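Subject: Structure handover

Hi,

Here is the structure I said I would pass on. Have a look at it first, and then read on for what turned up in it.

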2 protein chains.
Amino acid sequence: MKKDTRKAREAPFAYAGLDRLIHEHARLSVLTSLITNHQGLTFNELKEQCALTDGNLSRHLQVLEEAGLITVFKGTERNRPLTVCRVSSLGRKRYIEYLTVLERVVVDAAAAVSGESAGGLGAKEART
Amino acid sequence: MKKDTRKAREAPFAYAGLDRLIHEHARLSVLTSLITNHQGLTFNELKEQCALTDGNLSRHLQVLEEAGLITVFKGTERNRPLTVCRVSSLGRKRYIEYLTVLERVVVDAAAAVSGESAGGLGAKEART
């Protein structure tokens, strides 16, 4: 049995692949927006699409850029400063890996809510 | 047009309903585990299923209990202390609301990754 499979059986709700770098709400918004718009988005477009403040967006862009998940181009357009952000190939790869785990959370959660898995793993009948 | 719909059009990646209380990795693990096992789980069972340390689990259980999303029963069994956690009806309601938004993230993300939405919202053709 592969190590990952054994781990998943021992801790079925650990979701170890749920990359914290991507899972954070604002960064998940930014990355989903950038992957949808792979030509890149300006700072202001990202701010609007993700409903983030200037400070909040700046902070998260820095984290994502330092981790190599996005590239941030700073230049000028018609003599006005312009920042354009794009997802990198590493960012796209890491996002796809994250998405695989997120899909598993949704499947588990939907099954739990609909009661299909109710009373499964580890639950004791006589517990009060 | 309803306010929520307008908001979603203006900021399609804001995911405002992605409740931070539930979205945090460890708490998402704990809640998914508790909803799957609605009779309740002991502290040790939760620790194993979610691969969390004692300290980490204690801290997140306290946050979830204070918010009313779970109930924590502390008693004894065969003269040994036993802690049993259960999801509350408020917890179940909030989790289902969260799940609806999470499903939307997965749908958006999967569409973006497969390139269906590529070049959509806000992207400019001429941007370099």
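This is a predicted model: local features need pLDDT of at least 70, side-chain atom pairs count only at pLDDT 80 or more; totals for chains, interfaces and linings use all residues.

B:Arg78 deserves a moment of your time. Its phi is positive, about 50°, although the residue is not a glycine. Strands β2(B) and β3(B) form a hairpin with two residues between them, and B:Arg78 sits in that turn. B:Arg78 has 5 other C-beta atoms within 10 Å, so it counts as exposed, the cut-off for that class being 12 or fewer.

There is another residue of this kind in chain B. B:Ala51 also is not a glycine and has a positive phi, here about 55°. You will find B:Ala51 in the loop between α4 (43-50) and α5 (54-66) of chain B. With 19 other C-beta atoms within 10 Å, B:Ala51 is partly exposed; a buried residue needs 20 or more.

Now the strands of chain B. β2 (residues 70-77) and β3(B) run antiparallel and are joined by eight bridges. In that pairing, B:Thr71 stands opposite B:Arg86 of β3(B). On the other pairing, β1 (residues 41-42) of chain B and β3 (residues 80-87) of chain B are antiparallel too, over two bridges, and B:Leu41 faces B:Cys85 in β3(B).

Chain A contains six helices and three strands, and along the sequence they come in the pattern α-α-α-β-α-α-β-β-α. Of its 128 residues, 30% count as buried. Among the contacts in chain A with a separation of 6 or more, 53% are between residues 24 or more positions apart.

β1(A) pairs with β3 (residues 80-87) of chain A through two bridges, in the antiparallel sense, and A:Leu41 is placed opposite A:Cys85 of β3(A).

A:Glu45 and A:Lys93 are 48 residues apart in sequence, and their C-alpha atoms are 23 Å apart in space.

Then there is the question of how the two chains go together. Chain A superposes on chain B by a rotation of 180° with 0.0 Å of shift along the axis, at an RMSD of 0.0 Å. The two copies are therefore related as by a two-fold rotation axis. The copies meet through the same surface, because 98% of the interface residues of chain A are also interface residues in chain B.

What does that surface consist of on the side of chain A? In total, 47 residues of chain A are in contact with 46 residues of chain B. The elements giving two or more residues to the side of chain A are α2 (20-23), α3, α4 (43-50) and α6 (89-113) of chain A. The largest share, 11 residues, comes from α6(A). Sorted by class, that side has 24 nonpolar, 15 polar and eight charged residues.

Within the interface, one helix pair is worth a look. α3(A) packs with α6 (residues 89-113) of chain B at an angle of about 35°, the axes being 8 Å apart, and the crossing is left-handed. From α3(A), the contact is made by A:Leu28, A:Thr32, A:Ile35 and A:Thr36, and from α6(B) by B:Val105, B:Asp108, B:Ala109, B:Ala112 and B:Val113. By class, these residues are six nonpolar, two polar and one charged.

Cheers

Conventions:
Residues are numbered from 1 along each chain as its sequence is written. Chains are lettered from A and ligands numbered from 1 in the order in which they are written. Two strands pair if DSSP finds at least two bridges between them. Helices (H or I, at least four residues) and strands (E, at least two) are DSSP runs, numbered from the N terminus. Copies are superposed by least squares on the C-alpha atoms of residues with pLDDT of at least 70 in both. Two residues are in contact if their C-beta atoms, placed from the backbone, lie within 7 Å. Ala, Val, Leu, Ile, Met, Phe, Trp, Tyr, Cys and Pro count as nonpolar, Asp, Glu, Lys and Arg as charged, and the others, Gly among them, as polar. Axes are lines fitted to C-alpha atoms, for helices over the stretch in contact, and angles run from 0 to 180 degrees between N-to-C directions. A crossing is left-handed if the near helix is turned anticlockwise from the far one by less than a right angle, and right-handed if clockwise.
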